[in-house]
Amino acid sequence: MTTFKKNKPYNSLPLLPPKIALETTKVLRKTIEASRALAQLNGRLTNLPNPTLFLDTIHLQEAKASSEIENIITTNDDLYKAIVADKKFDNPATKEVISYKEALWNGLKAIENRPFISTNLCIDIVQSIKKNTAGIRTTPGTALKNVKGETIYTPPTGETIIRDKLENLEAFINGKGTIDPLIKMALMHYQFEAIHPFSDGNGRTGRILLLLYLKTANLLDTPALFLSEFIIKNKTDYYMKLRNVTEHQDWEAWILYMLEMIVFTANKALKRLNMVTELIQVMSEEIKISLPKVYSKELVEILFRLPYTKRQFLIDAKLGTPKTIGNYLIELEKAGFLISEKIGKEKLYLNHRLMAILEKN
Ligand SMILES: Nc1ncnc2c1ncn2[C@@H]1O[C@H](COP(=O)(O)OP(=O)(O)OP(=O)(O)O)[C@@H](O)[C@H]1O
Ligand SMILES: [Mg+2]
């Protein structure tokens with residue numbers, strides 16, 4: 001029997017997989033729904049002429065939302081300006097969001113080389129999020145508190161115990177087994193958060209792992225999901241369901257919650273993707289008609305890589321001499337496609353219709 005006490009390190013946290021029947025009718029039904037939603041999104045992404053085009057934007061949106069859960073708040077406008085401008089932005093929240101995005105990016109690179117989610121990968125991720133050399137917790141004292149300051153959960157203590165539990169988690173994630181990969185995803189996320197291997201950044205690391213896992217499980221080749229947006233909207237529920245696994249072994253409600261997160265975010269990503277691809281088509285036609293000399297497919301792609309662009313991006317893409325490109329941008333602005341803003345010594349150009357889609361809801 002596992003004994004759980006809020007104030008005592010939960011060293012008896014059970015290893016995975018749980019020893020109860022997980023694949024109930026409700027869970028299986030929801031698994032089918034989630035798989036279908038994901039497959040639809042994945043298919044749509046694979047069929048895009050240039051599936052990597054939106055990646056920077058998507059990753060930044062996810063980084064922004066995930067950091068908001070931690071109360072690191074930045075606006076879309078600040079964030080994208082900071083990414084594109086040479087001028088250094090001192091807003092700490094923006095910096096943190098950019099670190100998060102880099103952590104996600106590095107994680108993706110790592111699993112492309114080796115599709116394996118390991119303890120070391122988790123450490124790399126938390127280090128890039130936190131921009132420090134923190135590792136597995138070695139000293140006791142980490143506890144999760146509610147808003148009133150009461151301890152609601154004390155994770156396992158002792159480096160050896162933590163590492164053992166991570167080793168079990170690693171074997172579970174990468175092992176073959178017969179559990180559906182989406183159910184596995186739910187189990188692994190609970191377990192990672194319950195082990196809580198680091199003194200901070202466990203939530204953000206755990207959320208990056210979700211996206212990396214979907215890729216290694218071949219469920220989503222391009223990580224274009226805004227999982228964190230769902231968690232922010234349902235944060236109380238998220239915390240409560242985690243607790244109910246610990247306190248009442250209520251795995252079913254937890255798994256259903258995680259599957260609903262997949263359904264909701266996959267459908268939403270699909271909708272956004274359709275809106276952006278439609279806008280690309282519309283704007284391409286409009287530019288072709290009103291500014292035929294300026295139009296090229298490459299130019300439009302650059303205008304859609306991130307909401308802000310600048311002269312240098314077009315020069316780097318070899319779309320013309322600096323002078324020609326300067327004229328292109330003037331004409332695009334005059335025709336209302338872009339809005340310029342001076343930031344430090346340079347001018348940034350906003351694709352305001354793309355930003356409007358990102359800002360929606
Ligand atoms: N009762 C609980 N049991 C296990 N894990 C929990 C519980 N409540 C919250 N958590 C997890 O702990 C995370 C917070 O831990 P930590 O502060 O280390 O991470 P973070 O990335 O800094 O924060 P955040 O997730 O708020 O952005 C939450 O996101 C959640 O995943
Ligand atoms: Mg924290």
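**Figure 1. Salt bridge between Glu102 and Lys131.** In this predicted model, the side chains of Glu102 and Lys131 form a salt bridge, with N and O 3.1 Å apart. Glu102 belongs to helix H4 (residues 92-113), while Lys131 sits in the loop between helix H5 (119-130) and strand S1 (144-145). The pair therefore ties together parts that are 29 residues apart in sequence. Glu102 is partly exposed at 37% relative accessibility, whereas Lys131, with a relative accessible area of 56%, is exposed.

**Figure 2. Salt bridge between Asp200 and Lys130.** A salt bridge joins the side chains of Asp200 and Lys130, at 2.8 Å from N to O. This pair links distant parts of the chain, 70 residues apart. Asp200 lies in the loop between helix H7 (181-195) and helix H8 (202-216), and Lys130 lies in helix H5. Asp200 is partly exposed, its relative accessible area being 32%. Lys130 also counts as partly exposed, at 30% relative accessibility. Through salt bridges that share partners, Lys130 and Asp200 belong to one network with Glu70, Glu96 and Arg204.

**Figure 3. Salt bridge between Lys64 and Glu68.** The closest N and O atoms of Lys64 and Glu68 are 3.3 Å apart, and the two residues form a salt bridge. Both residues are in helix H2 (residues 55-69). They are four residues apart, which is about one turn of the helix. Lys64 has a relative accessible area of 15% and is buried; Glu68 has 23% and is partly exposed. The Lys64 and Glu68 pair forms a salt bridge, and a search of the whole structure finds 23 salt bridges.

How values were computed:
Residues numbered from 1 in each chain as written. Chains lettered and ligands numbered in written order. Predicted model: local features only at pLDDT ≥ 70, side-chain atom pairs only at ≥ 80, totals over all residues. Heavy atoms only, no water. Salt bridge = Lys/Arg side-chain N within 4 Å of Asp/Glu carboxyl O. Helix = DSSP H or I, 4+ residues; strand = E, 2+ residues; numbered from the N terminus. Buried < 20%, exposed > 50% of the residue type's maximum accessible area, 1.4 Å probe, protein only.
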